[in-house]
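I opened the file and kept notes on what I looked up. The entries follow in the order I made them.

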Amino acid sequence: MSICVVSLFAVLLYNNYHLFIIRMNSISVLHIELFQSGRNTSDFYFNTMKEHLVVGHRHIEKPHRHDFYAAVLFTKGKGTHEIDFQKYEVSEGSLFFLSPGQIHSWELSEDIDGYIFFCSQEFYEMHYVSQKLRNFPFFGSVSFPRKLQLDAGELMKTDSLFQELGKEHQSQSVMKEGFILSLMSQVFINATRLFSKDIEMRSSSASLSYFKHYQDFENLIEQHFTAHKSISHYASLLGITPKHLNRIAQTVVQKTATDVITERVVLEAKRMLMYLDESLVEIAFRLGYEEYSYFVRVFRKSSGMTPTQFMRKYKV
């Protein structure tokens, strides 16, 4: 089977939701308008996968990054989708969610089809004051799975929502934006419920409390992971014991709190190795490691390879 290879790379930019193309370390930053025809909402994009690969080919054939949130539903074809260096199988019913800051690439069969939509954070959150995109677990947590495999019934329901989104995107109906946002929210909420079943997190007060604490934990990691890597530091900030923080992490993502912290550091190391023209020693220092040898041990234990081996595999 012939394979078409399309590489997508995304890096989070905190200070600008309306990006223009810039060059940094030879990686382009793409704005949603590059994919638009000029007649649709600039902060929202929708297309079939088949058409998206044709229309966006000259932009996405090379490594690039963007600042928007995306959802991709595959309804036909096969392949692989690698997100933050974790490889997922693509088949009929594969639903993926991608956040700004994630590195991803895919290899897809020529008969691939499905739907894709993406939006800026501002587009969604200007209308939903109390609902943030990061509140959805697949957007708010780097540890959360990015793929949901739908069964026949779930695929039919989700396919219908995506089709309705496509029709509304092309329409000129009154309150068009509001309807698009409503359909997007249905996709996100349905997916959250299905993910919750997969990880056996029921809607009890205890599980909701655990997930809220876990979100707070990850938010703190984002702020402090280069300087602080101990469970006790984050437990103290959260006002709980290290033992309880471990229990929360084990319940929500089946990992220890230390693993969550370490994986976030190593993910950042991988991104830096991909994009920054700096020595391994400099990168280790920027991530808070004074001893390069210790950084290498941590990286190898988490990823199964040394930083040098990682660069040989990914940095072509």
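I started with the buried residues of helix α5: Leu155, Thr158, Asp159, Leu161, Phe162, Leu165, Gly166, Glu168 and His169. I kept in mind that this is a predicted model. An α-helix has 3.6 residues a turn, so residues three or four places apart point the same way. I noted Leu155, Asp159 and Phe162 as being among the buried ones.

Next I checked the length of α5. The helix runs over residues 152–170, which is 19 residues. From first C-alpha to last I got 27 Å, close to the 27 Å expected at 1.5 Å a residue.

Then I looked at the start of α5. There a side-chain oxygen of Asp151 comes to within 3.2 Å of the backbone nitrogen of Gly153.

I moved on to Thr306. Where does Thr306 lie? I found Thr306 in the loop between α12 (292–303) and α13 (307–314). Is Thr306 buried or exposed? Thr306 counts as buried because its relative accessibility is 15%, and the cut-off for buried is under 20%. Leaving out residues up to four places away in sequence, I listed Val296, Phe299 and Arg300 as what Thr306 touches.

A search of the whole structure gave 33 aromatic pairs. I also noted Lys229 over the face of Tyr289, 4.9 Å from the ring centre.

Last, I wrote down the totals. The protein chain has 13 helices and 12 strands. Of its 316 residues, 51% are buried. The chain exposes about 15,600 Å², and carbon and sulfur atoms supply 52% of that area.

How values were computed: Residues are numbered from 1 along each chain as its sequence is written. This is a predicted model: local features need pLDDT of at least 70, side-chain atom pairs count only at pLDDT 80 or more; totals for chains, interfaces and linings use all residues. Side-chain values use heavy atoms; hydrogens and water are left out. Helices (H or I, at least four residues) and strands (E, at least two) are DSSP runs, numbered from the N terminus. Buried means under 20% relative accessible area, exposed over 50%, partly exposed in between (1.4 Å probe, protein chains only). Accessible areas come from the Shrake-Rupley method with a 1.4 Å probe; for residues, only the protein chains shown count as cover. The expected span of a helix is 1.5 Å times one less than its number of residues. A polar contact is a pair of N or O atoms within 3.5 Å; within protein, one must be able to donate a hydrogen and the other to accept it, and residues adjacent in sequence count only if both atoms are side-chain atoms. Rings of Phe, Tyr and Trp (its six-membered ring) pair if their centres lie within 6.5 Å; planes under 30 degrees apart count as stacked, over 60 as edge-to-face and the rest as tilted. A charge sits over a ring if NZ of Lys or CZ of Arg is within 6 Å of the ring centre and within 35 degrees of the ring normal. Contact means heavy atoms within 4.5 Å.
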